[in-house]
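Dear colleague,

I am handing over the structure we spoke about, together with some notes on what turned up when I went through it. Please have the sequence and the coordinates open while you read.

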Amino acid sequence: MARAKPWEVDDELWAVIEPLVPKIERRAQHPGRKRHPDRLVFQGILFVLHTGIAWEHLPQELGFGSGMTCWRRLAEWTEAGVWPRLHGALLAKLRSVNVLDFSRAAVDGPHPGAKGGIKTGRSPVDRGRTGSKHHLITDATGIPLAATLTGGNRNDVTQLVPLLQAVPPVRGKRGWPRRRPDVVLGDRGYDHDKYRRLVWDLGVKPQIARRGTEHGSGLGAQRWVVERAFAHLHWFRRLRIRWEIRDDIHEAFLALGCAPICWRRLRAAR
């Protein structure tokens, strides 16, 4: 049996996605051309995310529709808020099987390159090249909880609180949904007492390496999970370099990239 391609959506995953996708009813009069099936279009979007191919080069023989059809559907679903709801639904399923670990979280923010767009800036650590930053927070095991986008000139520490606030309320168990980790781990780029206080105000304990101290704080033994998560996230070629001018489209790809990572962890836990 041939191994499934990474952009192919099985029935179990589509059962999670389909209720989140807005239904468009055809007009009774002058209905026009029938819309391409949502499931195939979703696979076309995943194909672009995985391969990094330009929209206009999407192979028609795959049956996913034209590149412009997939782009329009991506923009339509982004405006409808599909991607954060999908990520939240998968996080809830992970919590329901006791895979999600909120005892601590880890944060990081590397620099992918960028060809244009609003949320870009000259990076102070990449020879002044224009780029964007992906900021990521994971649970204790490396499952992505939230990801954000800023210009490459933004300091990591300024995104510490927004990252914590971007974590959605995660259901999956009886009682109140879980949203905040007990502890957040950060490297020296997050060392600032002002932001430590802001993190404490959210009810989270900051464990952040101090600048000027010797290496060997021990945080790396726990923080490596966020670096591994970034390796998985940037395995999607469309996220290695930002080609999208519209920041909401690139943010959609960023949120969508978290979904397959969560789904793989969920399948492995069963």
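**An exposed loop residue**

Asn 98 counts as exposed, because its relative accessibility is 56%, and the cut-off for that class is over 50%. Please bear in mind that this is a predicted model, and that the values below were computed from it. Asn 98 sits in the loop that links α4 to β1, and its phi is near 60°, which is a positive value in a residue other than glycine. As background, most residues other than glycine have a negative phi.

Ile 45 belongs to helix α2 and counts as buried, because its relative accessibility is 0%. Apart from neighbours within four places in sequence, Ile 45 is in contact with Cys 70, Leu 74, Trp 77, Phe 253 and Leu 256. Trp 7 is 38 residues away from Ile 45 in sequence, yet the C-alpha atoms of the two are 8.3 Å apart in space.

**The largest pocket**

The largest pocket has a volume of about 590 Å³. The elements that give two or more residues to its lining are α1 (11-17), α2 (38-51), α4 (82-96) and α9 (247-269), and α9 gives the most, with six residues. The lining comprises 21 residues, of which Lys 5, Pro 6, Glu 8, Trp 263 and Arg 264 lie nearest the centre of the pocket. By residue class, the lining divides into 14 nonpolar, one polar and six charged.

**The protein as a whole**

The protein has nine helices and eight strands, and buried residues make up 47% of its 270 residues. Of the contacts between residues at least 6 apart in sequence, 65% join residues that are at least 24 apart. The protein exposes about 14,100 Å², of which carbon and sulfur atoms supply 52%.

With best wishes

Notes: Residues numbered from 1 in each chain as written. Predicted model: local features only at pLDDT ≥ 70, side-chain atom pairs only at ≥ 80, totals over all residues. Heavy atoms only, no water. Helix = DSSP H or I, 4+ residues; strand = E, 2+ residues; numbered from the N terminus. Buried < 20%, exposed > 50% of the residue type's maximum accessible area, 1.4 Å probe, protein only. Contact = heavy atoms within 4.5 Å. Areas by Shrake-Rupley, 256 points an atom, 1.4 Å probe, with all protein chains shown as cover. 1 Å grid on protein atoms, 1.4 Å probe; cavity = no way out; pocket = protein on both sides within 12 Å on 5 of 7 lines; lining within 4 Å. Points joined across faces, edges and corners; volume = space filled by probe spheres on them. Nonpolar A, V, L, I, M, F, W, Y, C, P; charged D, E, K, R; others polar.
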